[in-house]
Amino acid sequence: MHDIRLIRENPEAFDAALARRGVAPVAASILALDAARRDVATRMQESQARRNEASKAIGAAMGKGGKDTTEALKAEVAALKSELPALEEEERRLTAEQNTALAAWPNLPDAEVPEGEDETQNVEVSRWGTPREFAFAPREHADIGPALGLDFETGAAISGARFTFLKGQMARLHRALAQFMLDRQTEVNGYEECLPPLLVKDEAVFGTGQLPKFAEDLFRTTDGRWLIPTAEVSLTNAVREQILADAALPLRMTALTPCFRSEAGSAGRDTRGFIRQHQFEKVELVSICKPEDSEAEHERMTGAAESILQALGLPYRKVLLCAGDMGFTARKTYDLEVWLPGQGAYREISSCSNCGDFQARRMNARYRPDGAKGTEFVHTLNGSGLAVGRTLVAVLENYQQNDGSVDVPEALRAYTGGLTRLVPQG
């Protein structure tokens with residue numbers, strides 16, 4: 001949600017920043033609502049003040065025996081009293097409209113964010129690792145996986161498209177990846193392990209920006225709750241409606257959870273294989289920090305995600321997203337794209353975003369700086385550390401052998417019960 005004071009102070013700069021994200025000018029309409037709301041609020045305050053003043057004057061008039069004056073004052077008080085509810089209702093209506101307008105538009109991009117409309121204009125920042133040279137033509141995971149326990153047919157038969165059933169050694173490798181990631185984020189990178197709810201209320205998905213604009217991307221239950229699309233929703237909302245102590249920041253939380261997405265806007269994309277699923281697991285990273293620390297925290301979080309790929313020996317590149325490709329709540333985002341030799345391409349495996357105070361305003365999440373009487377909004381950050389299924393895909397493709405087997409990366413072997421290689425079954 002945007003700060004109305006910043007729009008009042010510099011509407012041209014606000015419109016110019018949104019224009020970088022392809023949004024037509026909206027400051028004038030927001031300020032018109034704001035002016036109408038402030039006008040009603042002023043009239044309401046004036047009416048309340050005059051009612052109080054007239055009420056006090058009634059006693060004085062009665063004491064002087066001024067019957068006509070007393071009756072006139074009583075009539076005025078009655079008129080003001082009957083007028084106030086309508087003004088209060090109008091003020092509530094205009095406030096709601098203004099808040100809706102402030103919540104409707106995406107976050108303003110950071111000055112460092114490059115110009116651009118889509119992923120073709122993202123900027124590569126760095127690369128890590130050298131893609132393996134194969135003595136055979138590497139295959140895609142969807143071709144390798146079925147013989148190893150990646151069962152697309154059973155998943156589809158049970159639940160439909162974009163669901164997969166993992167069996168035996170494949171399920172074990174998936175579990176090993178998840179536990180390895182969670183252990184590293186907690187024991188090495190300093191995130192606190194959490195086990196948050198998977199079902200959340202409207203306020204939670206509004207707070208992190210999925211509602212109201214992206215409702216179609218979510219699954220809703222019959223009682224009105226929402227299945228989380230990522231643990232970002234639950235973890236970030238852990239501080240909603242709170243005032244945190246300066247000394248409590250930063251908060252760094254992580255969780256391994258199932259995630260549920262309708263993939264409404266991805267028709268025809270990645271329909272084959274395990275990359276884009278309705279249900280998947282992910283280790284999420286969330287940081288809550290002071291405004292002056294969020295840029296450094298963003299770099300730290302991205303490094304925590306990178307450390308997983310490096311430990312697994314998976315080549316990747318780090319990309320700074322352009323203004324037109326960022327998510328709704330982000331002001332700056334790094335994507336990590338892992339090398340998939342079967343596709344001969346880098347594919348997204350993690351997205352780490354600094355949201356500034358955008359989500360905090362929606363959640364009313366604040367902190368009190370040391371020695372200050374007032375409060376400030378915290379900054380929130382989120383990132384994948386990592387998506388387990390996509391990491392599984394990367395392991396299958398990068399560690400595949402000519403006979404259809406897949407070596408287990410050294411870093412995972414403490415988690416696989418002695419399993420060092422996935423071998424085709426049957």
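A: A handy term to start with: a polar contact is a pair of N or O atoms within 3.5 Å; within protein, one must be able to donate a hydrogen and the other to accept it, and residues adjacent in sequence count only if both atoms are side-chain atoms. This is a predicted model, where local features need pLDDT of at least 70 and side-chain atom pairs count only at pLDDT 80 or more, while totals for chains, interfaces and linings use all residues. Residues are numbered from 1 along each chain as its sequence is written, and side-chain values use heavy atoms, with hydrogens and water left out.

Q: Thanks! Which side chain does the side chain of Lys282 make a polar contact with?

A: That of Thr230, at 2.9 Å.

Q: And is Lys282 buried or exposed?

A: Lys282 counts as buried because its relative accessibility is 6% (buried means under 20% relative accessible area, exposed over 50%, partly exposed in between, with a 1.4 Å probe and protein chains only).

Q: Where is Lys282 found?

A: In strand β10, residues 279-289. Strands (E, at least two residues) are DSSP runs, numbered from the N terminus.

Q: Switching topic: why is strand β13 largely enclosed?

A: Because 7 of the 10 residues of β13 (residues 345-354) are buried.

Q: How does strand β12 pair with β13?

A: In the antiparallel sense, over 9 bridges; two strands pair if DSSP finds at least two bridges between them. Tyr334 stands opposite Cys352 in β13.

Q: What is the bridge partner of Cys352 in β16?

A: Gly383. β13 and β16 pair in the antiparallel sense too, over 3 bridges.

Key. Helix = DSSP H or I, 4+ residues; strand = E, 2+ residues; numbered from the N terminus.
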